[in-house]
Amino acid sequence: MSTNVTMEKVVNLAKRRGFTFQSSEIYGGLASCWDYGPIGVELKRNVKDAWWRDMVRSRCDIVGIDCAILMHPRVWEASGHIAGFTDPLVDCKKCKQRFRADKLMDCQCPEKPSKHPGECGGELTEARQFNLMFKTFMGPVEEDAAVVFMRPETAQGIFVNFLNVLNSSRQKIPFGIAQIGKSFRNEITPGNFLFRTREFEQMEMEFFVKPGEDDHWFQHWLDQRFNWYLKYGIRRERLRLRHHQPDELAHYAKGCADVEYEFPFGWSELEGIANRTDFDLKRHAEYSGKELSYYNEETKERFVPYVIEPAAGADRATLAFLVDAYDEDVAEGETRAVLRFHPRIAPVKAAVLPLLRKDGQPEKAQQVLDLLKQHWVVQYDQAGSIGRRYRRQDEIGTPYGITVDHQTMQDNTVTLRDRDSMQQERIAIDRLVDELRRRIEV
C-alpha cells in the first residue's frame, strides 16, 4: 500500500469513479448507509464470489444455504441476543449525542472534533445497556405479539437448519454450512466509511466437528482464512492474527482470533474465527424441543457437535481490498492514482480502446468487446487521448487494456497493456480469450 493512502483519498476516488455513493444522497444522505455504484457492485460481487468459490464450490465438505432475514422470535431468545446483545450507551447532556461508553476514545466530540466525548465540558450520563437489534412488526397490527427482529447475524439461520441440511445432504461430521447474506445492527457509533455500518453483509460458515477435535479444526481455519486474504493480494505486512484474551471471549466461545487489517484509521477486524463449542445447538435444542445431535453410524456414538465459525464481513473485506490496492506513482510526468487489484478481484477485467474513431477501428473494437463480454466485465472507451483512457482504467483497477490500432486492421492483432508494468505486447485477437483467462484466473 502506498504510504500516501488516506481514507479521504480512497473515499473521494470511490465516489468519483462509481464504487460507492451515500445512501439517499439527493435527500441529504442517511448516516452510515452506503450504496454500491456500477464499479463497486462488481468489486463486492467478486469478493463474495471468491469467498464462495473457495469455501463452498471447491470443497466436498461444505454446502451452502440462504436463510430468510426474518426468523421466529424464539431464535433470538435461544441465541441470547434478546437478553445480551447490547452495548453500553451514554448521552452527552450538552450536545445531546449518544456514544458507546467503551469506545469513547474512538469517538470525536461533534462540537470540538479535537476532543473525545466528555472532554469538551459536556457531562455524560451513566452508562446503560442498549440492544443492537432492529425491531419491526410482522403483519398489519403493531402489537407485542407481532414483534420480529432483523437478524443481527447470519449464523443462527445455519444452526436452526442443522438437521435439515444434515438429513438432506447426507453430510458426515466434520462438515460445514456456509451463507452470505445481509445482517442489521443498530450500532451506536457507526463510521469509517464502509467499515462499520448498520446494514451490512456477512460471509459466515459454521463447521461442525466432533468434540475433542475442535482445537485441530480451530487452528485449521485460522490458517485457511488468514491465507485467503494473501491469496487475493492483501499485503502480508498489513495483515495480522490477534488472539482474544480470556476476558474478551464471548460467553459461548472456547477460543477466538481476529484477522485484522491495518486501515489508515488503525488495525481493525476483518474476520473473526471462533470456537463456539456446542452452545448454539444445545440452546436451540432446549428452546425448540428438537434433538440437535449427531449419530455416527460407524462408531455408534451420539454427540452434539462443536462448531468452528469463520465469520467475515463482505463490506469490510471489500474496503480492505480497495484500500490495499490504492497506490500512486508518476507516469509520463503526471501523478497516477492506480488500484492494483488482484485480477480476480478487479471489478473490470479489461478495457477495449480504439486508437482512432475512424478507419473501421471502432467497429473492430466493438467486435473485440462482444467477444470478451461473453466471459468478463469489460468496458469500451473511445473518448479522449489513449493516455487519458489508460489513466481512467488505472483508477478503477482494470488490469488489462486492449488497443485496436492501424496494425489491427492489417493483421488482426491488438496491443495488450498491463496495468502495473504498463508494458504492452502484440497478440492475435483469436488468442485473446485464452491469454486473458490465463492471466485473470490464476
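1. Contacts of T408. In this predicted model, T408 touches K364, T403, T413, V414, R426 and I429, leaving aside residues up to four places away in sequence. T408 lies in helix α12, which spans residues 406-411. Is T408 buried or exposed? The relative accessible area of T408 is 2%. Buried means under 20%, so T408 is buried.

2. The buried side of α1. Helix α1 covers residues 7-16, and its buried residues are M7, V10, L13 and A14. Why do these residues share one side of α1? They cover an arc of only 135° around the axis, which puts them on the same side of the helix. An α-helix has 3.6 residues a turn, so residues three or four places apart point the same way.

3. The other face of α1, and its end. Exposed residues E8 and R16 sit on the face of α1 turned away from its buried side. Just after α1 comes G18, with a positive phi of about 85°.

4. Packing partners of α1. What do the buried residues of α1 pack against? Two helices are on the list, α9 (314-325) and α11 (386-395). The strands are β1 (20-22), β17 (326-331) and β18 (334-339).

5. α1 against α9. The axes of these two helices come within 10 Å and cross at roughly 105°. That makes α1 roughly perpendicular to α9. From α1, the contact is made by M7, V10 and A14. From α9, it is made by L319, L322 and V323. M7, V10 and A14 also belong to the buried set of α1.

6. The largest nonpolar core. This core holds 58 residues. Which members touch the most other members? They are F19, W221, Y229, F321 and F341. Helix α9 supplies the largest share of the core, eight residues. In soluble globular proteins, nonpolar side chains tend to be buried together.

7. F321 in detail. F321 is one of the core members that touch the most others. Residues up to four places away in sequence aside, F321 touches V47, W228, Y229, Y232, I234, F341 and I345. Y229 and F341 are themselves among the members of the largest core with the most contacts to other members.

8. A second core. A separate nonpolar core has 19 residues. Its members include L369, V378, L416 and I440.

Key: Residues are numbered from 1 along each chain as its sequence is written. This is a predicted model: local features need pLDDT of at least 70, side-chain atom pairs count only at pLDDT 80 or more; totals for chains, interfaces and linings use all residues. Side-chain values use heavy atoms; hydrogens and water are left out. Buried means under 20% relative accessible area, exposed over 50%, partly exposed in between (1.4 Å probe, protein chains only). Helices (H or I, at least four residues) and strands (E, at least two) are DSSP runs, numbered from the N terminus. The arc is that of the directions from the helix axis to the C-beta atoms. Contact means heavy atoms within 4.5 Å. A nonpolar core is a set of buried Ala, Val, Leu, Ile, Met, Phe, Trp, Tyr and Cys residues joined through side-chain atoms within 4.5 Å. Axes are lines fitted to C-alpha atoms, for helices over the stretch in contact, and angles run from 0 to 180 degrees between N-to-C directions. Angles under 35 degrees count as roughly parallel, over 145 as roughly antiparallel, 65 to 115 as roughly perpendicular and the rest as oblique.
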